[in-house]
Amino acid sequence: MSNDKGFFDTAEFRALLEKYEQMKEKGICSYFETHELSDIHSYYLYKEDSHEAANVFKLAKQLHHGSPDITKMEIRAMLTFGHPEAALPMFNNIEYENDDDTQMLKAEVLLALKQYKASRNIAHTILSRYAITDDISYDAMEIMLDCGYAQEVLECANEGLKHHPRNKNLLEVKAESLIELQRTDEAISIYNSLLDENPYTIFYWEQLGHIYYMIERYGKAIDCFEYELTIDANIEYAQMMQGYCLYHLKCYDKAIEIFNRFIAKYPQSIMPRFYKALSQAHRGNTEQAIQEFSDTFAIAYKQDYNSIECMLCKINEAILLVKSNRQDEARKCMTYAILFHPSSDNMKQLLLGGNPYYELRDKENMTFRDINATENREWKGYEILTTFGIGLMTAGLNEFALLAFNFAKSTAPDSSDIDANIAYILHCEKEDKEKLEKYVENALEGKSNRLFELFGIPYDGNIGAREFLKKIN
């Protein structure tokens, strides 16, 4: 079975797919080998067509009941649609120890479960059994890359290139490992050399455009995606990436044109709606932006009410409502955003800050700056909410910052720095002096240097709360 896009474009697979589709159209039952059904099933999974994938699976069970390939098809479907925890036990139902393709499938499941070391070990074992130029070796190196072993993969690719200096698979995986290591100049050089030989290869233009996007060279990225669209004008990835680039280049009208096309074609899709709303906000069309974020939230809420998409829609809506002097509505939006916040892993996007609005990220539109800010260590929920609160405080949204700090404080093992932030807001807003003294005292007990930084006075570990208050007043 192959799940490679290049395979799906071959005449061999196209003939097989045509045979299957003709069978459906005529309402007859044709015979297919298990490997043929696996390929067709994999194609529909690639297209994210769960209904048709289920039909292929049903036919496979009818024609080849009891075959281990049926179980593997089911595992791949579970993996594709986000259920790796249910897929893993299914390997117990098949004999796969001597089947490297199935071992690779297990490595993918372990990768999805974030069991990176176990996944890497399977891939490394398979890599040691085959020549470096075999397709399965390339797949194994891709697994290792996804597990975070970019340096090891680079060394493997370099060793292979000593003996096969123009092997395209090895050059591609070397470039991918260099991207992971953020050695972008070297990766760009490889893709340019590959394009010199194959100027009409969509994949190379796409990779080159994505590198330029990740290093925030948006003008160069647009050119690469334009070359890709010259080869095939229907590539939606390149169109959407151009929309992101135009947004970052502040060409909001042109960006909105692209986002509108996606909204018309995919009315339930979040990203184009969200970025259209952002573009309207940056253009100063506050009321339009508020409505766009509200509409986007309604769609996101139906999909998952406890998601980062819902949270960011409500945060941006609140910021815009403050601009419109609609404080009560703004308060409701921000309260919802904080109370129904998603998991810490998804909430990490708050670390990227508002400028002045919060942008939504997916795996396609992350830059290296974003990755470095969010992936450099494990972030706890209270740490993210504290950073979010500081961002709101810096933007002058003190009431909303207090909401974030109080929620963060409820789960923080040491809240002294959070108390320092709250004390600073209470002082600026000239709130209850007794309340202010309590937060100052808590911050001093926790030896918070943040308290002294905020008020601009030298650190003194022995000062009391009342003496501190006298100094700042």
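**Reading cores, a pocket and backbone geometry**

Q: Which residues does Leu451 touch, not counting residues up to four places away in sequence?
A: Contact means heavy atoms within 4.5 Å. Leu451 touches Ala420, Ala423, Val440, Ala443, Leu444 and Phe468. The model is predicted: local features need pLDDT of at least 70 and side-chain atom pairs 80 or more, while totals for chains, interfaces and linings use all residues. Numbering runs from 1 along each chain as its sequence is written, and side-chain values use heavy atoms, without hydrogens or water.

Q: Which members of the largest nonpolar core touch the most other members?
A: A nonpolar core joins buried (under 20% relative accessible area, 1.4 Å probe, protein chains only) Ala, Val, Leu, Ile, Met, Phe, Trp, Tyr and Cys through side-chain atoms within 4.5 Å. Among the 129 residues here, they are Tyr275, Ile315, Leu350, Phe388, Val440, Leu451 and Phe468. A separate second core has 21 residues, including Leu16 and Met73.

Q: Which residues lie closest to the centre of the second largest pocket?
A: A pocket is an open set of points on a 1 Å grid over the protein atoms alone, where a 1.4 Å probe fits, with protein on both sides within 12 Å along at least five of seven lines; lining residues have an atom within 4 Å of a point. Of the 22 lining residues, His248, Leu352, Asn355, Glu359 and Arg361 are closest to the centre.

Q: Where is there a cis peptide bond?
A: The bond between Asn355 and Pro356 is cis, with omega about -5 degrees.

Q: What is phi for Lys250?
A: Phi is near 65 degrees, positive although Lys250 is not a glycine. Lys250 is exposed (over 50%), at 60% relative accessibility.
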